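Reader: I am new to this structure. Please take me through it.

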2 protein chains.
Amino acid sequence: MDFFQLRITDHNTKARSATLFTANGIIETPVFMPVGTQATVKTLSPDELYEIRSQIILANTYHLYLRPGDGLIRGFGGLHRFMNWKKPILTDSGGFQVFSLKDIRKINAEGVLFQSHLDGSRHMFTPEKVLDIQRNLGSDIMMVLDECPAHTSTTEYLYKSHELTLKWARQARQIFERWEPLYHPQYLFGIVQGGINPDIRSASARLLTELDFPGYAIGGLAVGESKKEMAAMINISTDILPADKPRYLMGVGKPEDILNAIESGVDMFDCVMPTRNARNGTVFTKHGRIVLKGGRFKEDQEPIDASCDCYTCRNFSRGYIRHLYNTGEILGLRLATIHNLRFYLWLTGTAREEIMNGNFKLWKDEMIDKVTHTI
Amino acid sequence: MDFFQLRITDHNTKARSATLFTANGIIETPVFMPVGTQATVKTLSPDELYEIRSQIILANTYHLYLRPGDGLIRGFGGLHRFMNWKKPILTDSGGFQVFSLKDIRKINAEGVLFQSHLDGSRHMFTPEKVLDIQRNLGSDIMMVLDECPAHTSTTEYLYKSHELTLKWARQARQIFERWEPLYHPQYLFGIVQGGINPDIRSASARLLTELDFPGYAIGGLAVGESKKEMAAMINISTDILPADKPRYLMGVGKPEDILNAIESGVDMFDCVMPTRNARNGTVFTKHGRIVLKGGRFKEDQEPIDASCDCYTCRNFSRGYIRHLYNTGEILGLRLATIHNLRFYLWLTGTAREEIMNGNFKLWKDEMIDKVTHTI
């Protein structure tokens, strides 16, 4: 069985739908991946994630390496068993978190030296080390170590950074060539970088394509650049990346960003927005955003979205959830998280259906109007 | 249908099992009632409470009166609808919370004047007012307003307090005589007080019995007195209270306290201990308590209790739950809460079976040894 099967490409846009086959289950794209940073999607149980039809979740190599440690997780038989998640998992390389540490990390040709944000202890991530960690974790999809340059980098720095990312990608690709996983097959994705420089972006996409990874991520976006710049970089990347490999836009984003990126030919997404906003009291619906903490929902007996099929919308009112926020009750965070993730999964799942039906462009334009609205 | 049907009284002890019939379902005793202070049992959804076989939950009149307000809950059609809980609810009178406010409340013959712990606003609870609130909430079982005197009170104060509690109970009983509920039948319990003074306790039990309430609570215990004093007060009360009415020991307690009180003829219990301890990292099992946060559980791949049938024990290891605590993840609080409540419900449910089998005393003595142990 091939890892990736392209099902259909839209006639009017670059949108596509595909199926990924992994040892832990299939993934139908476009797909949104709930973020489970520390081996748990914040506030939810695996059963709740299955119920909202999550196909794959993401976990963070940096966090799990520090706590509880990838060695400990290996002792449990890998991350799937440790957290009792029976579907696919994608792990990042830890690079993004490490580069966010800014003042307590140092990059050299071999990798990146950093201090733990927890206890200040010193660690080194190299292309090989992050693959070793991801082997211990046993994710289905792994990421290469890359550098995510600041949005404000000079062209000179962007070019140097791209060269380094490429060098690391080559090393990772070679390790992957003779890869022996611990539990089941794992697939390695290269990461397109290059900031918002069109030339470096295309060079990055082209040279990575030559390395023939099982899949490709588009990294370094949604870090402060404009919507237009982001869109341009996504299109440059998807124009070059091979049609017969999955494409994953890292850390993006708002519902409208996801719809636009699907139109540009992206297959996979992850973002903390649905889970984080839920905990802050903002929920997403087909008719726009709702700041549910607001006093005006106090007596509101309607569900968050009457057309939504999630546990929250089938059983609870806005007024009750608002009361839970107002009194600091954890059930409020849970109910909003269930709903927001279900919305994101509905959005990508419906995008898939509309691509299949040949109606994507029309549906997407309507949907963009709605989701950018605040109720 | 009678509200209360006594099924069996143990031959060797005063233990008994009974069935309560309410508009929202039946309750088989002995029963533990999970505490849902603010219209949610902390961290859990109604579905999770059904799954662990909760028969009835408790909610707090004081908290709900202040937030979101009993009028608002009435607008939702009562507390059951507001929180989407389809089984019985017991509400306290708010008295205990108000008396805990100490410095910001003042008692007189009419009731108790207090300031909200939230915003300092002034409120008055009278016997009638707390019944009005509980009518708006629409609980299945209501409590009369009582005074819970400090454990260190003088005999003189205890006597005066008992007279006041009795006066309020009479008023409440009269109101209940012409009671018209909003949604479905509601039953009112009187509350035996009297501190740890045997004479006042028995007077309280005797005089309340004359008022012929549908049920009786034993209040003012587990507030600092010794285990022996508590046991004596429970026995005095259950010796006097009528056999054909339910008996509810308020706010108690540890697993061993509950087993002892069942032996003394108590039917109903509530306590924050299983939920609060879960959030602090201590779990209860048939073999003793476990401080799950401890580093020694880091690599422990066993469930909390292999013989427990809860979602947590069927799916997760001590090591994983310990990791969730260690990283501040909410799922850890949830999993421990599910388990601890399931344990309390198992304990009271099994007590019922053993009473039915005529084996209660033997089982209870064995169980006390185990549950007082720390693993």
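Reader: Into which domains is chain A divided?

Author: This is a predicted model, in which local features need pLDDT of at least 70 and side-chain atom pairs count only at pLDDT 80 or more, while totals for chains, interfaces and linings use all residues. Residues are numbered from 1 along each chain as its sequence is written, chains are lettered from A, and ligands are numbered from 1, in the order in which they are written. Domain bounds come from an automatic or database domain assignment. Here chain A has domain 1 (4-271) and domain 2 (272-375).

Reader: How many Å apart are the C-alpha centres of domain 1 and domain 2 of chain A?

Author: They lie 26 Å apart.

Reader: How many residues does each domain of chain A bring to the contact?

Author: Two residues are in contact if their C-beta atoms, placed from the backbone, lie within 7 Å. Domain 1 of chain A brings 34 residues, and domain 2 of chain A brings 30.

Reader: Which element gives the most to the domain 1 side in chain A?

Author: Helices (H or I, at least four residues) and strands (E, at least two) are DSSP runs, numbered from the N terminus. On the side of domain 1 of chain A that touches domain 2, H10(A) gives the most, with six residues. Elements that each supply at least two residues there include strand E2 (16-22), helix H1 (46-51) and helix H10 (255-263) of chain A.

Reader: How do the residues on that side of domain 1 of chain A divide into nonpolar, polar and charged?

Author: Ala, Val, Leu, Ile, Met, Phe, Trp, Tyr, Cys and Pro count as nonpolar; Asp, Glu, Lys and Arg as charged; the others, Gly among them, as polar. That side has 16 nonpolar, eight polar and 10 charged residues.

Reader: Now the backbone. Which residues does a cis peptide bond join in chain A?

Author: A:Thr29 and A:Pro30, with omega about 0°. A:Pro30 sits in the loop between E3 and E4 of chain A. In chain B, the bond from B:Arg67 to B:Pro68 is cis, with omega near 5°.

Reader: What is phi of A:Arg53?

Author: Near 70°, a positive value in a residue other than glycine. A:Arg53 lies in the loop between H1 and strand E5 (57-59) of chain A.

Reader: Why does A:Arg53 count as partly exposed?

Author: A residue is buried if 20 or more other C-beta atoms lie within 10 Å of its own, exposed if 12 or fewer, and partly exposed in between; C-beta atoms are placed from the backbone. A:Arg53 counts as partly exposed because it has 13 C-beta neighbours inside 10 Å.

Reader: Is A:Asp212 buried or exposed?

Author: A:Asp212 is exposed, with 10 other C-beta atoms within 10 Å. Its phi is positive, about 55°, although A:Asp212 is not a glycine.
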